Amino acid sequence: MDRTTEILHTRVNTSQAKSNVTPLYQCSSFLSDSDYFYTRKGNPNTTELEQVFQVLEGCRYARVVTTGMSAIYAALRLLKPGDHLIVDRLIYGCTYKLFKDFCQHYGIELDFIDVAGSALKQTMKSNTQMIFFETPTNPFLKSISISKVQQIARESQPSVRIVVDNTWATPFFQRPLELGADVCVYSATKFYSGHSDCMGGVLTTNHEDLAETIAQNRFYSGAILDPHSAWLIRRSMQTFSLRMEGHQAVLREMREFLEKQEEVAQIFYPEINSQLTGYGCILFFELTAEFEEKAERFMKSLRLFERGTSMASVVSAVAQPFSGSHLSLSCQEKAEMGIRPRLLRLCFGFEKPEDLKSDLKIAFRKLHE
Ligand SMILES: Cc1ncc(COP(=O)(O)O)c(C=O)c1O
């Protein structure tokens, strides 16, 4: 046999390799007698990661996709032209944009309201098929009662689906499916990856029909998570609970510190209750009005907080929603959400809190220069 041919067919026998963790299956397809078929449909790495999410959430189905936005898109695909979608007004900027574009394109009626208020009952229609919200919200970390939304919505429209973006709480602190949500969506790019080194998205549900539809749509649209990212996120999930407990402890300490700073007008932090049993990493605060134009100076003075879109990672980060996560919104849309230039988001990583405090103190002092 020619060496060229032999090289093409050389394979190590792995049947006795017995690795202690599942190796990376960096392959696009499988042999005809395999349990798998084609990576666009599923792969041992994506399957194992889905099993991890099922355990974490205590649910029947999990589907991993390329990014958090891809997960939200997959949820939107459950709607059809002529349906009505209600979305909470406080929402991640790209999600807001996606909803507007998607609904316009596919002829879906769309209302942005405060779903926690009395407007929900009044906005429900006979064709309302989905209610989508984040809790806690981005920005301002407002809590929305999942069971209350579900109850009010179902009274008007029994077939309505409740979809919760649970990215910021994670199932470690909040389990929407147990409180009446039909589907949860996640950006796995955040706490699940935890190290700002790969992207991913997840949908979870207990409904077999929805899980099947999402899997079919994922197969035909090619939105499945790639094996390498699945492997990396699965690896990160081994330290997930340790990181979430750590994030909670660091946030508690840093919040107490911020409360004492005279340059801080208000801190936004979610209510801890029977729905959200804990919380970590991310908070928002507003500088006092005199520093409205100095948020950028504050951010640039920080040395231990990365500037940019990184968040929910082992390294701390600072961002200005006005020019970052909500940049794609018009000034009027931002004003309606209450997003001012002096609103800042801090994500605390695992640097020593004393070092973070020193860094912040210097930046607060520089505001006065
Ligand atoms: C709450 C929330 N949902 C969804 C997304 C989108 O996730 P991804 O960036 O992985 O597409 C983000 C991104 O910041 C987010 O904060």
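Student: Where is Ser 196 found?

Tutor: This is a predicted model. In it, Ser 196 is found in the loop between strand E6 (183-187) and strand E7 (201-205).

Student: Let us turn to the peptide bonds. Which residue is joined to Pro 136 by a cis peptide bond?

Tutor: That residue is Thr 135, and omega of the bond is about 0°. The bond from Asn 138 to Pro 139 is cis as well, with omega near 0°. Most peptide bonds are trans.

Student: Where are those prolines found?

Tutor: Pro 136 is found in the loop between strand E4 (128-134) and helix H6 (146-156). Pro 139 is found in the loop between E4 and H6 too.

Student: What does Val 164 touch?

Tutor: Leaving out residues up to four places away in sequence, Val 164 touches Phe 133, Thr 135, Ile 146, Pro 176, Ala 181 and Cys 184. Thr 135 is the residue joined to Pro 136 by the cis bond. Val 164 is itself part of strand E5 (residues 161-165).

Student: Why does Val 164 count as buried?

Tutor: Val 164 counts as buried because it has 30 C-beta neighbours inside 10 Å.

Student: How far is Val 164 from Glu 134?

Tutor: Their C-alpha atoms are separated by 5.6 Å, while the two residues are 30 apart along the chain.

Student: Now the helices. How many residues of H3 are buried?

Tutor: Eight of the nine residues in H3 are buried, and the helix is mostly covered. The buried ones are Gly 68, Ser 70, Ala 71, Ile 72, Tyr 73, Ala 74, Ala 75 and Leu 76.

Student: What covers them?

Tutor: The cover includes E1, H4, E5, E6, E7 and helix H8 (208-221). Val 164 is found in one of these elements, E5.

Student: How do H3 and H4 cross?

Tutor: The axes of helix H3 (residues 68-76) and helix H4 (residues 93-106) come within 11 Å and cross at roughly 35°. The crossing is right-handed. H3 contributes Met 69, Ile 72, Tyr 73 and Leu 76 to the contact, and H4 contributes Cys 94, Thr 95, Leu 98 and Phe 102. By class, these are seven nonpolar residues, one polar and no charged ones.

Student: Which residues are closest to the ligand?

Tutor: The closest are Thr 67, Gly 68, Met 69, Ser 187 and Thr 189, among 14 residues that surround the ligand. The shell divides into four nonpolar, eight polar and two charged residues.

Student: Back to helices: why is H9 described as largely enclosed?

Tutor: Seven of the ten residues of helix H9 (residues 227-236) are buried, so H9 is largely enclosed by the rest of the structure. Helix H2 (44-57), strand E1 (61-65) and helix H10 (240-259) are included in what covers the buried residues.

Student: At what angle do H2 and H9 pack?

Tutor: They pack at an angle of about 35°, with their axes 8 Å apart, and the crossing is left-handed. In H2, Asn 45, Thr 46, Glu 48, Leu 49 and Val 52 meet Pro 227, Ala 230, Trp 231, Ile 233 and Arg 234 in H9. The contact has six nonpolar, two polar and two charged residues.

Student: Finally, how many helices and strands does the chain have?

Tutor: The chain has 13 helices and twelve strands. Its radius of gyration is 22 Å, close to the 21 Å that the globule rule gives for 369 residues, so the chain is as compact as a globular protein of that length. Buried residues make up 42% of the 369 residues.

Notes. Residues numbered from 1 in each chain as written. Predicted model: local features only at pLDDT ≥ 70, side-chain atom pairs only at ≥ 80, totals over all residues. Axes fitted to C-alpha atoms, helices over the stretch in contact; angles between N-to-C directions. Helix = DSSP H or I, 4+ residues; strand = E, 2+ residues; numbered from the N terminus. Left-handed = near helix turned anticlockwise from the far one by under 90°. Contact = placed C-beta atoms within 7 Å. Nonpolar A, V, L, I, M, F, W, Y, C, P; charged D, E, K, R; others polar. Buried ≥ 20, exposed ≤ 12 C-beta atoms within 10 Å, placed from the backbone. Rg over C-alpha atoms; globule rule 2.2 N^0.38 Å. Near = placed C-beta within 6 Å.
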